[in-house]
Amino acid sequence: MFLNDSDLQTIWLTIRLASIVTIILLIVGTPIAWWLARTGSRLKWPISAVVALPLVLPPSVLGFYLLLAMGPYGPVGHLTRVLGIGALPFTFWGLVLASVFYSLPFMVQTLQNAFEAIGDRPLEVAATLRASPLDTFFTVVLPMAMHGYLTASILTFAHTVGEFGVVLMIGGNIPGATRVASVQIYDYVEAMEYAHAHRMSAVMLIFSFLVLLALYIWRPNARNVIRGE
Amino acid sequence: MNLSLAVRKNYGHFTLAADINVTGDRVGIFGASGSGKSTLVGILAGLMKPDSGEIVLDGDCLFNSAKKINVPPQLRRISIVFQQHSLFPHMNVRQNLLYGFKRTPHEYRKICFDELVTVLELEKLLESGVNILSGGEKQRVTLGRGILANPRLLLMDEPLSALDDSLRFQIIPYLKSVSERFGIPYLFISHSLVEMRLMTDSAIVIENGLVSKQTQSDQLARIYMGESCAGYINLLELHSMKERNGLCAYSWEGGELLLSHGNRDAESGLFELSSKDIILFKQHPEAISARNLLECTVISVFESNSKTGVELAAGSGRLVAEVVKDAANELDIMPGARLFAAVKASAFRRLSKKDKIPAKD
């Protein structure tokens, strides 16, 4: 077979991780992006910088601080212990939490751009047509930002799939629990099992290509180009 | 509509300090770009919050800074027709039209969807996407959507500015007939004196954020005649066109008028004639090149800037001509005086391309 059971288990874990992170970030990222797109507050710039930090920080730095925060003496670790959840480092859910932070800018910045592109006018029109702010969000903003949501989801999912440094720092390399595709490839290379490494890498390569292809094809302008409009 | 508004809004370099008391169903707000018209619209609709003041519409307080009252826009029952780009692109025409209607409580739903669609001639477009509509069609849909929300006041914020002249005068009859037919008062915001006269009875003038004048719309055109490059624009309804010696002979309430160009496809229409294009004679000229010579009586004389405006009666038609003060003295112009008005056949410009003339007041 092209991939062995361990590979399939790793791929399934990676897909599960990326899906959960994307769903969490859709829920968490929407209000943050909306606030950043609409606010005139001076806090906008420091918060924008915090959101963008994972883009420039070495993953090991982010992973290190997250490890400290989730550890037994960190605030998150303290909270999870009080809640009876136990320690998060080197667990699947610890990996989820770390990935949420790591992929946050991909979701928030993309949604923020989509919201900003809508402008004030549709919101003002909806308000004068008796729509409440929540009603306006679901009937005007969400449909108009749908492409932004699609792009943000694809980018977040793909970025989570490609994580390595943060995963290694927070999740380690526990088969079936925290070993994701990128770590599996690293293991194969370390063990000089290049054939296995090739197969997994090919899967990742094709996946990444298809994701980007989908992204470009689903852009509204791209559809017009294909139709020759 | 009974509107009382006294608000102040500061933007750093610009302050709007408007104090308006107005009664009427067809009111205009006139002012140049940047004078504060759109800010006033936003404040009235609840889209902007004034720094201080009070807004009372038909006895209901919409804003009062002292009492900390600020009714949100969705509860004010004020619809806006914006200049452009205001249709929801993810909805078709029907969905756009029904957006406000569906959110209107049943007790306020007085306008029939089908009737409105017929008046606006949108029947064939209902299932179309809004991106394929022409500029004029988009504005008709925007207007219909605003009306279907059953507002107590319709704000039209330069609804014609983004349209070219031919479309603009196609839309005006719709704007007028819809609000009149469904009994919705409106505030019409524009920087065009012609639009003001066609759409409104009275007008409020805003200059640099302050209300400088409140007057009848026709009076407004006279006040600005001397400052305007176009002068006073006479609006003439002409009909029963016949060809004569290569010219178009139209019937007008003041007599027959000969027009020279581009009007052969229109049996009737609305035409403009600038006060600058009318030459006055004290006596009948022996021979002139102008093809229209009307015997007139001076009804009134008014001053505007350095110019003298002369209101003339020709038959049952009315015209306003302008002359410099020296000429007025030389011609001895005063009410009751008889004069001859000469107008070139090429001086007229057709406004409405269709044979649809905005309804008379």
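This is a predicted model: local features need pLDDT of at least 70, side-chain atom pairs count only at pLDDT 80 or more; totals for chains, interfaces and linings use all residues.
## The contact between the chains

Chain A contributes 18 residues to the contact, and chain B contributes 26 residues. Together the two chains bury about 1,800 Å², and 64% of this area lies on carbon and sulfur atoms. On the side of chain A, 46% of the area buried against chain B comes from T128(A), L129(A) and R130(A), more than from any other three residues.

Seven residue pairs are in polar contact between chain A and chain B, counting pairs with both residues at pLDDT 80 or more. Two helices of chain A, α6 (121–128) and α7 (133–144), each supply at least two residues of the side that touches chain B. That side of chain A is made up of 10 nonpolar, four polar and four charged residues.

## The salt bridge across the interface

One salt bridge is found across the interface of chain A and chain B. The side chains of D135(A) and R103(B) form this bridge, with 2.6 Å from N to O. D135(A) belongs to helix α7 of chain A, while R103(B) sits in the loop of chain B between α2 (93–102) and α3 (113–119).

D135(A) has a relative accessibility of 22%, so D135(A) counts as partly exposed. R103(B) is also partly exposed, because its relative accessible area is 23%. For both residues, the value falls in the range between the 20% limit for buried and the 50% limit for exposed.

## Salt bridges within the chains

Over all chains, the whole structure holds 19 salt bridges. One of them joins the side chains of R121(A) and E124(A), at 3.3 Å from N to O. These two residues are three residues apart in helix α6 of chain A, so about one helical turn separates them. R121(A) counts as partly exposed, because its relative accessibility is 30%.

In chain B, the side chains of R222(B) and D218(B) meet in a salt bridge of 3.2 Å, N to O. Both residues lie in helix α7 (residues 217–223) of chain B, four residues apart, which is about one turn of the helix. Is R222(B) buried or exposed? R222(B) is buried, because its relative accessible area of 11% is under the 20% cut-off. D218(B), at 30% relative accessibility, counts as partly exposed.

R222(B) and D218(B) also belong to a network of salt bridges that links them with R197(B) and E311(B).

Technical notes:
Residues are numbered from 1 along each chain as its sequence is written. Chains are lettered from A and ligands numbered from 1 in the order in which they are written. Side-chain values use heavy atoms; hydrogens and water are left out. Contact means heavy atoms within 4.5 Å. Buried area is the accessible area (1.4 Å probe) that two parts lose on being put together, summed over both. A salt bridge is a side-chain nitrogen of Lys or Arg within 4 Å of a carboxyl oxygen of Asp or Glu. A polar contact is a pair of N or O atoms within 3.5 Å; within protein, one must be able to donate a hydrogen and the other to accept it, and residues adjacent in sequence count only if both atoms are side-chain atoms. Ala, Val, Leu, Ile, Met, Phe, Trp, Tyr, Cys and Pro count as nonpolar, Asp, Glu, Lys and Arg as charged, and the others, Gly among them, as polar. Buried means under 20% relative accessible area, exposed over 50%, partly exposed in between (1.4 Å probe, protein chains only).
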